[in-house]
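Here is my note on the chain shown below. The points run from the overall fold to a single residue.

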Amino acid sequence: MTAVGATPVTAVACPSWCSVSQSTHLRELRWEGRASHWSDARSGDGWEIRHTSASDADGHPIEIEPKVYISTNGGLTLAGAEALALTLLATYEEATD
Ligand SMILES: [Zn+2]
């Protein structure tokens with residue numbers, strides 16, 4: 001069987017922090033025209049942080065801006081807030097790397 005149209009994509013160039021499988025990315029490219037890269041979640045006492053970006057098959061960024069997602073379960077202890085702040089900074093640095 002021969003593919004029709006553009007060169008078939010068999011692998012997606014991911015950022016080093018991406019935890020999404022190649023098979024998921026190939027499906028995304030086929031149906032949405034882009035791969036959504038997601039980091040592993042970093043979590044602490046009452047909070048969780050992940051970040052994401054989107055690219056084409058070659059790893060070039062496309063129209064969607066990278067984003068950081070933070071979820072909390074309401075109030076944080078001071079220690080939890082400090083850990084969140086430090087982890088958020090580390091996540092930001094990874095996302096902008
Ligand atoms: Zn990826």
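How many helices and strands does the chain have?

1. The chain has two helices and four strands. Helices (H or I, at least four residues) and strands (E, at least two) are DSSP runs, numbered from the N terminus. The order from the N terminus is α-β-β-β-β-α.

2. Please keep the basis in mind. This is a predicted model: local features need pLDDT of at least 70, side-chain atom pairs count only at pLDDT 80 or more, and totals for chains, interfaces and linings use all residues. Residue numbers start from 1 along each chain as its sequence is written.

3. Overall dimensions come next. The radius of gyration of the chain is 17 Å, whereas a compact globule of 97 residues would have one near 13 Å. The radius is taken over C-alpha atoms, and the globule rule is 2.2 Å times the number of residues to the power 0.38. Along the principal axes, the C-alpha atoms fill a box of roughly 60 × 20 × 20 Å.

4. Of the 97 residues, 11% count as buried. Buried means 20 or more other C-beta atoms within 10 Å of the residue's own, with C-beta atoms placed from the backbone. Among contacts with a separation of 6 or more, 35% join residues 24 or more positions apart. A contact needs C-beta atoms, placed from the backbone, within 7 Å.

5. One residue deserves a look. S53 sits in strand β3 (residues 47-55). S53 counts as buried because 22 other C-beta atoms lie within 10 Å. Leaving out residues up to four places away in sequence, S53 touches P15, H37, P61 and P66. S53 and K67 are 14 residues apart in sequence, and their C-alpha atoms are 6.5 Å apart in space.

Notes. A residue is buried if 20 or more other C-beta atoms lie within 10 Å of its own, exposed if 12 or fewer, and partly exposed in between; C-beta atoms are placed from the backbone. Two residues are in contact if their C-beta atoms, placed from the backbone, lie within 7 Å.
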